[in-house]
Amino acid sequence: MNIEPGVAVDAFRFGAVPNISMYFLTHFHSDHYGGLSQTWTHGKIYCSEVTGRLVMQQLRVSPEFIVMLPMNERIELGKFAVTLIDANHCPGSVLFLFETRSQRILHTGDFRASPAHITHPSIRNKRVDSLYLDTTYLSPRYAFPHQADVVDACAEVCYKLTRDDKFARRIISRKSDGNQGLMKKLLASITKQDAIGRWLIIVGTYSIGKERMAIGIAKKIGAKIFAPPNKRRIYTCLQDPVLDDLLTSDPLEGQVHLVSLQEIRPDTLSAYLEHFKPHYGSIVGFRPTGWAYKPPIARGATPKATPSVETIINLWHSPFSESDMIPSRGSTESVMYFDIPYSEHSSFRDLTCFCTSLLIGRIIPTVNVGTQSTRDQMRVWFDKWGAERRKLAGVRKVADGQTRW
Ligand SMILES: [Zn+2]
């Protein structure tokens, strides 16, 4: 990264990089900290307090190499200053705003772009010369819904399942595309099943990230959250009073269980439930990932589709509610499974709104940059956003306190 000689962001996998003395870490996900271990001696690591605690505890990096910086404060570091801004990704994740005498560089790490980024005092009405952008979902097919709507929809499903005996049958009869034959078979088998019993709810997460989903569900149904010891140990680093308040070490007390994403498949859910019978009689699993989103055909399901920026901003809101929740293939009335379009990365619309609300010199993509053709496709959108800013003779306006684009 061309900010100042000697500075690198999320670049640990290369070991000691010649001439680099300051290593910045945006957040505690392995594709960003990869290469860090207790043998690290190559230079100081600058990060948020949550990330710093995780790096020391989980990777056993020596504290002498960790520099934990406060949020939202401009910190002078010799020839440049840095400000850490909440990335709205996983706990502890930050954007780094680097400022030198001559330029401002914003590195997003992984983020879900929100209006709060634009209205942040260090960003509002200021030009960013170089934007290192998380381009994970930079394609029109990923105009998935707002995070809060997805959490609410899942919480509503859980609320109804736990309070209405007939709801399981109703939701399982919702047809997913191309699945009618299977659904008929399932419905036929359902009539033979016993009473469904108490529901166990499981939510797939990474080592950190996606906790908001479990918190939203637990609050809605008045339940506690169980996490296995390795996860609870990680959560002590977050110092999150809301999560701490809901957590329990007793899997029977916690009706919402946090498990690793890989564990949530229709064939593994039944086995998981067996451990907790007869306390629980039924199980529902949520697998949150942005990749689960299926766009309407009209919305650029083909790579060549190039809707106008105005269309994306004004029409692609992607509303989402409980009625959009359709159990995945293989679900039954007592073992239910949902792939849900919950993402902690920006949707395509988030990226479009963010990049037309900010004065940007140039954009450097940080994800999916492996081939010339993906880089060319991304460039098309960078140019479109630039054209939109020129058309506006500035940027889209974002109001203080605005929570949605
Ligand atoms: Zn990440």
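**View 1. S347 sits in the loop between strand 15 and helix 12 (348-356).** Helices (H or I, at least four residues) and strands (E, at least two) are DSSP runs, numbered from the N terminus. S347 is buried, with a relative accessibility of 2%; buried means under 20% relative accessible area, exposed over 50% and partly exposed in between (1.4 Å probe, protein chains only). Setting aside residues up to four places away in sequence, S347 touches R112, Y137, Y142, A143 and F144, where a contact means heavy atoms within 4.5 Å. A note on what you're looking at: this is a predicted model, with local features needing pLDDT of at least 70, side-chain atom pairs counting only at pLDDT 80 or more, and totals for chains, interfaces and linings using all residues. Residues are numbered from 1 along each chain as its sequence is written, and side-chain values use heavy atoms, with hydrogens and water left out.

**View 2. Here is the whole protein, with 13 helices and 16 strands.** Why does a radius of gyration of 23 Å agree with a compact globule? Because a compact globule of 405 residues would come out near 22 Å; the radius is taken over C-alpha atoms, and the globule rule is 2.2 Å times the number of residues to the power 0.38. Along the principal axes, the C-alpha atoms fill a box of roughly 70 × 50 × 40 Å. Of the 405 residues, 55% are buried. Among contacts with a separation of 6 or more, 69% come from residues 24 or more positions apart.

**View 3. Helix 7 (residues 211-221) is largely enclosed by the rest of the structure, because eight of its 11 residues are buried.** Those buried residues are E211, M213, A214, I215, G216, I217, A218 and I221. Leading in, K210 lies in the loop between strand 10 (199-205) and helix 7. K210 isn't a glycine, yet its phi is positive, near 70°, and K210 is buried at 5% relative accessibility. Just past the helix, G222 takes a positive phi of about 65°.

**View 4. L243 belongs to helix 9 (residues 241-246).** L243 is buried, at 1% relative accessibility. Which residues does L243 contact, leaving aside its neighbours within four places in sequence? They are E211, I215, I225, Y235 and L238. E211 and I215 are also among the buried residues of helix 7. For scale, V309 is 66 residues away from L243 in sequence and 38 Å away in space, C-alpha to C-alpha.

**View 5. Helix 2 (residues 49-59) has V50, T51, G52, L54, V55, Q57 and L59 buried.** What do the buried residues of helix 2 pack against? Their partners are helix 1 (30-33), strand 3 (44-48), strand 4 (66-69) and helix 8 (229-236).

**View 6. K277 and P278 are joined by a cis peptide bond, with omega about 5°.** P278 is in the loop between helix 10 (266-274) and strand 14 (282-288). Another loop worth a look holds S318, between helix 11 (309-315) and strand 15 (335-340). S318 has a positive phi near 50° without being a glycine, and S318 is buried at 4% relative accessibility.

**View 7. The cysteines form zero disulfides by the distance rule.** A disulfide is a covalent bond between the sulfur atoms of two cysteines; the rule used here asks for a pair of cysteine sulfur atoms within 2.5 Å. C355 is in no disulfide either, with the nearest cysteine sulfur, that of C353, 9.8 Å away. C90 is buried at 4% relative accessible area, and C355 is buried at 0%.
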